[in-house]
Structure formats: C-alpha cells, structure tokens
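Please follow the account below with the chain in view.

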Amino acid sequence: MTEELGAISAAIAAGESVRGTTSPNPPVGCALVSASGELIATGATSPAGGPHAEINALRQAGARARGATAVVTLEPCNHTGRTGPCARALVEAGVKRVVYFTADPNKAAAGGAAYLRDHGVEVDFRPVRVAALQPWLRSVRHGRPSVTLKFASTLDGFTAAADGTSQWITGEAAREQVHEDRTKIDAIIVGTGTAIADDPSLTARFPDGTLRQHQPRHVVIGSREVPEGNLSRLGFEQYAAPHEALDALWHTGARDVLVEGGATLAASFLELDLVDTVQAYIAPALLGAGRGVLDRAIAGTIADAYRFRTTAVRQVGDDVFIEMERDVYGTY
C-alpha cells in the first residue's frame with residue numbers, strides 16, 4: 001500500500017479538479033501506478049459524452065498500462081452509454097490490479113468489480129470518503145440534485161445588520177473561497193426576494209472581477225417578476241417552488257446545486273427536508289440584532305431541531321468555515 005499512496009492522492013486530486021464540469025456523470029479520478037510504484041498517468045472524467053477517468057488515464061499511459069495498478073475513486077462502470085464500459089477497457093489494456101474507493105450505487109453502471117475479477121484482474125475495495133463524489137452519491141440516492149445551503153453570518157447568527165447592510169460580513173479570503181466553490185457546482189439558487197433586493201450576479205469570479213472558466217446556472221424560485229438587472233442580463237431559470245426547480249434541474253443533468261439566499265427560501269428548503277449539506281461562514285463579529293439565516297422557526301423544540309454531521313471545520317482568513325452533511329458516504 002505504501003507505494004500506492006502517491007497514486008491515491010493523485011486519483012483524488014484528479015477527481016476534485018473536474019468538479020462542476022461532469023454532470024450528470026460523477027467527477028471520478030484515476031491514477032495508474034507501475035509495479036515499482038511509479039506514477040504512470042492520471043485521468044479524470046470528461047464533460048458528459050466524453051471519456052471517463054479510466055479511459056483518459058489509459059490513453060495517457062499507452063503501453064505502460066500493461067501490468068499496472070489502477071487506483072480509481074469510483075468502481076469502474078460496466079455498462080455502455082455514450083461511452084463504453086471502463087471495466088472492459090481496463091482488462092483490454094492489461095491492467096493487473098484495480099483499487100477503488102467507492103462502490104457504484106447506480107444499478108445500470110454497477111458490476112465493474114465483478115467483471116474485472118471474472119477476467120483475471122485483482123480487485124481491492126478500500127472504502128474511502130471521497131469529497132468530490134459526495135454530491136453525486138446523494139443525488140443518485142434521492143433522485144434529485146444534492147442541495148447545499150450556504151450562508152455567511154456573524155457569530156451571533158445574523159446575515160445582515162438591523163439597517164439591512166450585509167457587505168461585507170466575512171473577509172476577502174472567505175469570499176474568494178465562495179467564488180472558487182461556485183465553479184464546482186451545477187447551479188446556484190436564490191429566491192425572488194434576494195433577486196429583487198440584491199440584484200446578484202451569482203457568477204464565479206477571481207478577486208480582480210474577471211470570470212472563472214466554469215460558471216454555474218442561475219435559478220430563481222418564486223412567483224414575483226425579477227426586474228432587469230444582473231440576472232436578466234446573464235440569464236436565469238425561474239420556478240415557482242423548490243421541488244419544481246429540483247425536478248427540472250435533475251432532468252437537465254444537474255446533480256449538485258447551491259442555495260445562496262435568502263432567509264425565506266432557506267427555511268422552505270429545510271422544511272421540505274431538501275437540504276443535504278450546510279456550508280456556514282462565521283465571522284468574528286457581533287450585531288445583537290438584524291436579519292437571521294432563517295426567517296421563521298423550523299422547529300419548536302430542541303428535540304425537533306434539524307441536525308447534521310460536521311465534516312469540516314477550518315479557518316479561512318479571520319472567519320471560520322463549517323461544513324455539515326446529513327448523509328455521509330464512505331469513511332474518513
């Protein structure tokens with residue numbers, strides 16, 4: 001296992017590098033390592049319709065793939081869709097051993113491990129929690145996009161002051177992380193109240209204001225008309241309610257979406273039990289009064305509180321980032 005540590009890190013990094021670009025397919029990473037421990041090649045899932053991670057790695061490796069070990073973040077697929085089965089490609093390339101971290105929950109694509117074993121390839125399943133795959137795994141389980149609720153608040157839980165001002169609660173480092181994370185999702189959702197009051201652009205930008213390469217779709221939920229502004233200029237989709245929006249997004253390939261505002265919409269998603277992940281940016285500041293994360297109570301007693309499992313806590317500049325998930329797949 002020691003000689004494969006580099007390949008494990010390379011496979012995970014490869015999958016992470018294509019988050020936001022592969023839906024409805026998962027962002028998988030693959031690394032090929034020789035018997036002597038040399039990292040031969042890496043590959044990641046191409047945009048939908050393109051080669052999967054294993055194929056890209058095999059193409060990069062060429063003849064050197066024969067006798068190698070393939071380390072893959074998701075069980076190689078065993079079906080023919082817009083591309084051929086990756087399990088068969090690994091066998092044909094002469095790969096000797098396959099290590100994978102996540103079993104494929106998609107019944108149509110599963111069975112790759114069994115195919116590999118039946119064709120003389122040594123297969124090793126090692127459960128590892130792969131962060132890049134979590135949204136896709138949840139989406140397959142629920143039959144809708146994975147939903148992340150994101151907010152920035154003061155230490156005492158306010159997203160705006162009593163006079164309505166909210167820029168900027170968090171610092172530059174936190175805002176830069178938010179824009180980087182926007183490149184990794186399929187769509188950003190806001191309510192009509194936020195769209196009308198704030199006229200957000202919802203784009204993923206660099207600190208100098210220029211646009212990042214991958215941009216998420218823009219979605220507005222609510223019945224009120226959104227006036228001319230950033231969203232109308234950039235283009236957006238509007239739906240009456242959360243379930244309608246998620247159903248439409250699912251059927252158009254979205255698997256990972258972000259709810260950014262506002263308090264009414266956040267409460268609605270929680271009440272409908274549609275929030276899978278919470279990302280909170282907590283600023284070291286106190287207001288004492290103002291606008292809260294939610295616009296109403298969603299639980300009347302502590303026993304009924306919506307609870308999550310903390311999966312990440314880290315300092316970002318002067319702020320603290322906390323990530324919490326309802327369903328966690330794999331191990332740590």
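In this predicted model, strand β4 (residues 97-100) runs parallel to β5, and four bridges join the two. Within this pair, V98 stands opposite V123 in β5. Both strands belong to an open sheet of five strands with mixed pairing, ordered β2-β1-β3-β4-β5. The edge positions are taken by β2 (39-44) and β5 (122-125); each has a single partner strand, so one side of each is left without a neighbour in the sheet. From one strand to the next, the twist averages 15°.

Helix α1 (residues 5-17) lies across β1 (29-33), β2 and β3 (69-72), and runs at about 150° to β1. Helix α2 (residues 53-61) packs on the sheet as well, where it touches β1, β2 and β3. The direction of α2 makes about 145° with that of β2.

A further open sheet contains eight strands in the order β10-β9-β8-β11-β6-β12-β15-β14, and its pairing is also mixed. Which strands stand at the edges of this sheet? They are β10 (237-239) and β14 (309-316), each of which has a single partner strand, so one side of each lacks a neighbour in the sheet. Neighbouring strands here are turned by 20° against each other on average, direction ignored.

β6 and β11 pair in the parallel sense over four bridges, with V147 opposite V257 in β11. By contrast, β14 and β15 pair in the antiparallel sense over seven bridges, and T310 stands opposite M324 in β15. The hairpin of β14 and β15 has two residues between the strands, and in it G317 takes a positive phi near 65°.

The buried residues of helix α5 (residues 134-142) are Q134, P135, W136, L137, R138 and S139. What do these buried residues pack against? Their partners are β6 (146-154), α9 (242-251), β11 (256-261), β12 (277-283) and β15 (319-325). After α5 comes G143, whose phi is positive, near 70°.

A204 is found between α7 (192-198) and β9. Is A204 buried or exposed? Its relative accessibility is 0%, and because buried means under 20%, A204 counts as buried. Leaving aside residues up to four places away in sequence, A204 touches H179, R182, T183, T210, L211, R212, H214 and Q215. A204 and L265 are 61 residues apart in sequence, and their C-alpha atoms are 21 Å apart in space.

Technical notes. Residues numbered from 1 in each chain as written. Predicted model: local features only at pLDDT ≥ 70, side-chain atom pairs only at ≥ 80, totals over all residues. Heavy atoms only, no water. Buried < 20%, exposed > 50% of the residue type's maximum accessible area, 1.4 Å probe, protein only. Contact = heavy atoms within 4.5 Å. Pairing = 2+ DSSP bridges. Axes fitted to C-alpha atoms, helices over the stretch in contact; angles between N-to-C directions.
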